[in-house]
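Please open the structure in the viewer and keep the sequence beside it.

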Amino acid sequence: MLTSFRFAEKPKDKPAIKWLTLEEVAILSKEEPRKIIVDVYTDWCGWCKKMDKSTFTDPAIVAYVNKNFYAVKLNAESKKPLNFNGKTYTFNNKYRAHEAALALLNGQMSYPSTVYLDEKMAIISPVPGYLDAPSFIKILSYFGENHYKTKSFQEYSGTAQK
């Protein structure tokens, strides 16, 4: 009896967000300043995984992030020390979270959270919670195109109360 084998075609590489470390971003920002998004997640977070699979793979989001931002993934429960902006951040046993995550989220630990930093690596705003692609792209453009400097998100998105 002959058995036929089919070789699966290798899927074409889909465009993906270029995830970096905070240390890498600090170096790159010196040569080419950009805003930064930090995806603060945990390994056990179901909504974080959903955001990875849907939102962060959306072609429009991938293209916009890669063109306009540096993107960082930060495991809020990592035990690995992190050197950033001249400071070493470590795991904090009391809070069971990484000090970098605590600092970026102002101690308001919620996963997933996306933190937006300006070109000088100062925090613009953390945005807690799962976001689908349409919601995420709206927030990305709000911060990426500096609308946050002149209007509230509600005004920008057309949801302000009249």
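How many of the 162 residues of the protein, as a percentage, count as buried? The share is 38%, where buried means under 20% relative accessible area, exposed over 50% and partly exposed in between, with a 1.4 Å probe and protein chains only. The model is a predicted one, in which local features need pLDDT of at least 70 and side-chain atom pairs count only at pLDDT 80 or more, while totals for chains, interfaces and linings use all residues. Residues are numbered from 1 along each chain as its sequence is written, and side-chain values use heavy atoms, with hydrogens and water left out.

**The whole protein**

Begin with the cartoon view. The protein has 6 helices and 9 strands; helices (H or I, at least four residues) and strands (E, at least two) are DSSP runs, numbered from the N terminus. Along the principal axes, the C-alpha atoms fill a box of roughly 70 × 45 × 35 Å.

**The sheet**

Next, select β1, β3, β2, β8 and β9, which form in that order an open sheet of 5 strands with mixed pairing. Two strands pair if DSSP finds at least two bridges between them. At the edges stand β1 (19-20) and β9 (123-128), each with a single partner strand, so one side of each has no neighbour in the sheet. Within the sheet, β2 and β3 pair in the parallel sense over 7 bridges.

**A residue in β8**

Select T114, which belongs to strand β8. Is T114 buried or exposed? T114 is buried, with a relative accessible area of 1%. Beyond its neighbours within four places in sequence, T114 is in contact (heavy atoms within 4.5 Å) with I37, V38, M51, S125, P126, V127 and F136.

**The nonpolar cores**

A nonpolar core is a set of buried Ala, Val, Leu, Ile, Met, Phe, Trp, Tyr and Cys residues joined through side-chain atoms within 4.5 Å. Select I36, V38, V40 and Y111, which touch the most other members of the largest such core, one of 26 residues. The elements giving two or more residues to this core are α1 (22-31), β2, β3, β4 (82-84), α4 (99-104) and β8 (113-117). Apart from it lies another core, of 19 residues, including I17, F69, A71 and L140.

Return to Y111. Leaving out residues up to four places away in sequence, Y111 touches several residues, among them W44, C45, C48 and L105.

**The disulfide**

Select C45 and C48 themselves. They are joined by a disulfide with an S to S distance of 2.4 Å, a disulfide being a pair of cysteine sulfur atoms within 2.5 Å. The torsion about the S-S bond of C45 and C48 is about 85 degrees, so the disulfide is right-handed. C45 is buried, with a relative accessible area of 3%, and C48 is buried, with a relative accessible area of 3%.

**Helix α3**

Finally, select residues 59-68, helix α3, whose buried residues are I61, V62, Y64, V65 and N66. These buried residues pack against β2 (35-41), β3 (69-75) and α5 (133-144).
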